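Please find below a note on the model under review. The points are set out in numbered order.

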Amino acid sequence: MTTKLYKHDILDIFAYTLSTRQLRIENIFGEQLELPIYSVFFKYFPSELGLKIVAVDEASPSEIMTLFFQVLRDVTAKNYVEIITDTLVVKLDDVEVHSETLSLPVISDKTLLIATRNEGKTREFKAMFSQLGYTVKNLNDFPELPEVAETGMTFEANARLKAKTISELTGEMVLADDSGLMVDILGGLPGVWSARFAGDHATDDENNAKLLHELASTAVSPDKRKAKFHTTLVVAAPEKEPLVVEGEWFGEIGTIPKGDDGFGYDPLFIDEETGRTAAQMSLSQKNKVSHRARALQNLLKKWPEWLKQ
Ligand SMILES: O=P(O)(O)OP(=O)(O)OP(=O)(O)OC[C@H]1O[C@@H](n2cnc3c(O)ncnc32)[C@H](O)[C@@H]1O
Ligand SMILES: [Mg+2]
């Protein structure tokens, strides 16, 4: 069964569930409505929805689209399952929104290549980017692409290397993530060597065992086990300067591994807010607080401007 959403539905939708920022909205009768709403500049909506909207904050078309889908998801409590590029027919399981009721910019299905072979990272990126209508692929989908030697001494240098190399080889826009765990008492180690802490082809278990061993002799009390995760994200595309952002997550190193979710050092990384290890969090919980989530939030703020370059 398909239900059509029309203008007044969308108007109600926008009046529903939006939060935190104020916008002055005049309806077609000139009445001023003060509505809590995301800090978004609705230059796409006034004529179609019979609204004159004066925004107090500027945002980009992609943020408007993100908001739009977020609102639709909130209202319909469903995730849209597909976006048909020609007229932006967004199917929401049993709800169809036709663009002629909204004359929104057409949004095309987008594929984003992540320059990683780490499936744990990829799983987190897939969850984050699917909400923006992106399909995420990684280097395991393209075995013919080479391994990029991480010869950099910093997260940024390595992320730039991975993004630039793969973008030049494919001619595509590519996102790379170089991340790691930095333990205070180890002077910030393992840092950029986090993947190879226990040796070139170390497994996560071997890296975790080495971390416990390194701390066993020196750091007994919790305040001596402070640590943070760091991520630097770099987006590279042909003819563009790379976009660089980062994020960090503070906590401490546990004495025994706990939890089955996540990957890498998650079983030993205790989140400073909740006291739970990253591996004791669900994917969506971790994707709200992690270094990668924070880096992505920073990316989404800068990405629309960067795309216009
Ligand atoms: O280089 P790519 O192909 O992206 O994959 P990688 O696993 O080598 O990734 P890095 O070079 O960025 O090394 C980061 C290491 O730090 C650890 N790590 C990174 N993010 C993590 C997270 O969110 N939770 C747990 N451990 C993480 C994990 O062991 C990674 O292997
Ligand atoms: Mg790596």
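1. Basis of the note. This is a predicted model, in which local features need pLDDT of at least 70 and side-chain atom pairs count only at pLDDT 80 or more, while totals for chains, interfaces and linings use all residues. Residues are numbered from 1 along each chain as its sequence is written, chains are lettered from A and ligands numbered from 1 in the order in which they are written, and side-chain values use heavy atoms, with hydrogens and water left out.

2. Surroundings of ligand 1. Ligand 1 is surrounded by 20 residues, of which Thr116, Asn118, Lys121, Lys162 and Asp266 are the closest; a residue counts as near if one of its heavy atoms lies within 4 Å. By class, this shell holds 9 charged, 7 polar and 4 nonpolar residues. Here Ala, Val, Leu, Ile, Met, Phe, Trp, Tyr, Cys and Pro count as nonpolar, Asp, Glu, Lys and Arg as charged, and the others, Gly among them, as polar.

3. The side chain of lysine 121 places an N or O atom 2.7 Å from an oxygen atom of ligand 1. The side chain of aspartate 266 has an N or O atom 2.7 Å from a nitrogen atom of the ligand. Arginine 117 takes part through its backbone, with an N or O atom 3.1 Å from a ligand oxygen. On its own, ligand 1 has 600 Å² of accessible area, and the protein covers 92% of this (Shrake-Rupley method, 1.4 Å probe).

4. Elements at the ligand. At least two shell residues come from each of β10 (174-183) and α8 (291-308); helices (H or I, at least four residues) and strands (E, at least two) are DSSP runs, numbered from the N terminus. With 4 residues, β10 gives the most to the shell.

5. The pocket. Ligand 1 takes up the space of the second largest pocket, where a molecule sits in a pocket if more than half of its atoms lie within 2 Å of its grid points. A pocket is an open set of points on a 1 Å grid over the protein atoms alone, with protein on both sides within 12 Å along at least five of seven lines; lining residues have an atom within 4 Å of a point. The volume of this pocket is about 900 Å³, taken as the space filled by probe spheres set on the points. Its lining has 35 residues, and Asn118, Lys121, Glu150, Ala195 and Arg196 are the closest to its centre. The largest share of the lining, 5 residues, is from β10.

6. The cavity. How many cavities of 30 Å³ or more does a search of the whole structure find? The search finds 1, a cavity being a set of points where a 1.4 Å probe fits but cannot get out. Residues lining the largest cavity include Arg123, Asp261, Met281 and Lys286. Both α4 (119-130) and α7 (283-289) supply at least two residues of this lining.

7. Backbone features. The peptide bond from leucine 189 to proline 190 is cis, with omega near 0 degrees, and proline 190 lies in the loop between β10 and α6. Glutamate 239, a residue other than glycine, has a positive phi near 65 degrees.

Definitions and conventions. A polar contact is a pair of N or O atoms within 3.5 Å; within protein, one must be able to donate a hydrogen and the other to accept it, and residues adjacent in sequence count only if both atoms are side-chain atoms.
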